[in-house]
Amino acid sequence: MKRWSGILGIGFVLIVLAGFAFLPGLVENAANKRTPHAAWSISDPARKLHEGLAVADLHTDTLGWKRDLLKRATRGHSDIPRILEGNVALQVFGVFTKSPRGQNYEENSADSDNVTALVIAQRWPIRTYTSLLERALYQAEKLRDVERRAPESLRVVRTAADLDAVLKSRADGRPILAGLLASEGGHPLEGDLNNLQKLYDAGFRMLGLHHFFDNALGGSLHGKSDSGLTEFGRSVVRELEARKIIIDVAHSSPASVDDVLEMATRPIVVSHTGMRGACDSPRNLDDARLKRIADRGGLIGIGFWEGAVCDHSPKGVVRSIRHAVNVLGVDHVALGSDYDGATTVLFDISEIAVLTHEMLESGFSSAEIRKIMGGNTLRFLGENLPQ
């Protein structure tokens, strides 16, 4: 009997270990889907144009998943080999630290959290199990580890000079990626403004105020209160501006956006979104508010998933981009893929040249394409990152 108990015990341990080994991949395969399709047709003029671009994307959630970013994965939407294959010069790596059950666009309570189970299943450090701040810091550590292991492939940018150095390297023919850290929501501050220094020291240079629920900073676009900024939220905005950390309102309520615009002296971004005028989705802010952001020098990143653009085919994404250009002006439109953000897409980062092709087919000029595909983002960061 003791022998059988020992065998059963070993079997149980093996099952648990197998679960830890395979569960993260199963979860990500269910969350980050890419619809199967034939190879996209890219015209020769589009391919030539794309090879000369400096592509930039304002939002991916790749750091939240259990993958080695230096290896080309068979799941998810993005990793360093695929990013460089897509000729991407700069990638903003958003970090998610809490997500409510359902992730409803219309309304969520802050009482549940899917990320805790994901953290445990992926065997993150124990310090991340109960601390949102530690979850953000750990993901920053993951990106810096990639930089340490492959400095020829990735540089984490903290200043405008860092970004200039990457762009000069690329101009000299060395394919290297600039990676910028961003927090998806201000809740990793855990209600303590002093924690902003810890995020800054870890390399964060963009901070979203909200995610899918109301937090200590104020109302989310998907929360229950529809409120604006709290006093703590206002203090965070002031401190972000003082440190030249870029403010992102991609998931903020209309009232919170209005409060930020009333206070802000620096341009802000909406890193990943759609336009209500092109896609009447509760995920999107109204065109008038986005125009106010653009008029203040801000930047709007158009997403690649159905909730943002309604039709998430390359043609559909380009239609939303055209609408954004018509409303906001070409200098304020950028890419905000939301790759690996529990989204379903029709092209991953390695295939992003299909947007260059579709924009050419739709009558965009080469100059417009250069701005939208990356030029606007690189200019904005060069002007607004710490000098």
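**A helix residue, an enclosed strand and a cavity**

Good morning. I begin with Asn195, which lies in helix α7 (residues 195-201); helices (H or I, at least four residues) and strands (E, at least two) are DSSP runs, numbered from the N terminus. The model is predicted, so local features need pLDDT of at least 70 and side-chain atom pairs count only at pLDDT 80 or more, while totals for chains, interfaces and linings use all residues. Residues are numbered from 1 along each chain as its sequence is written, and side-chain values use heavy atoms, with hydrogens and water left out.

Is Asn195 buried or exposed? Asn195 is buried, at 7% relative accessible area; buried means under 20%, exposed over 50%, and partly exposed in between (1.4 Å probe, protein chains only). A polar atom of the Asn195 side chain lies 2.8 Å from the backbone oxygen of Leu189.

I turn next to strand β2 (residues 55-60). Of its 6 residues, 6 are buried, so β2 is largely enclosed by the rest of the structure. Strand β3 (residues 88-95) pairs with β2 in the parallel sense over 4 bridges; pairing requires at least two bridges found by DSSP. Thr60 stands opposite Phe93 in β3.

Finally, the cavity. The structure holds 1 cavity of 30 Å³ or more. On a 1 Å grid over the protein atoms alone, a cavity is a set of points where a 1.4 Å probe fits but cannot get out, and lining residues have an atom within 4 Å of a point. Of the 13 residues that line the largest cavity, the closest to its centre are Glu184, Gly208, Asp248, Ser271 and His272. Strands β5 (177-183) and β8 (269-273) each supply at least two lining residues. Thank you.

Key: On a 1 Å grid over the protein atoms alone, a cavity is a set of points where a 1.4 Å probe fits but cannot get out, and a pocket is an open set with protein on both sides within 12 Å along at least five of seven lines; lining residues have an atom within 4 Å of a point. Grid points are joined across faces, edges and corners, and a volume is the space filled by probe spheres set on the points. A polar contact is a pair of N or O atoms within 3.5 Å; within protein, one must be able to donate a hydrogen and the other to accept it, and residues adjacent in sequence count only if both atoms are side-chain atoms.
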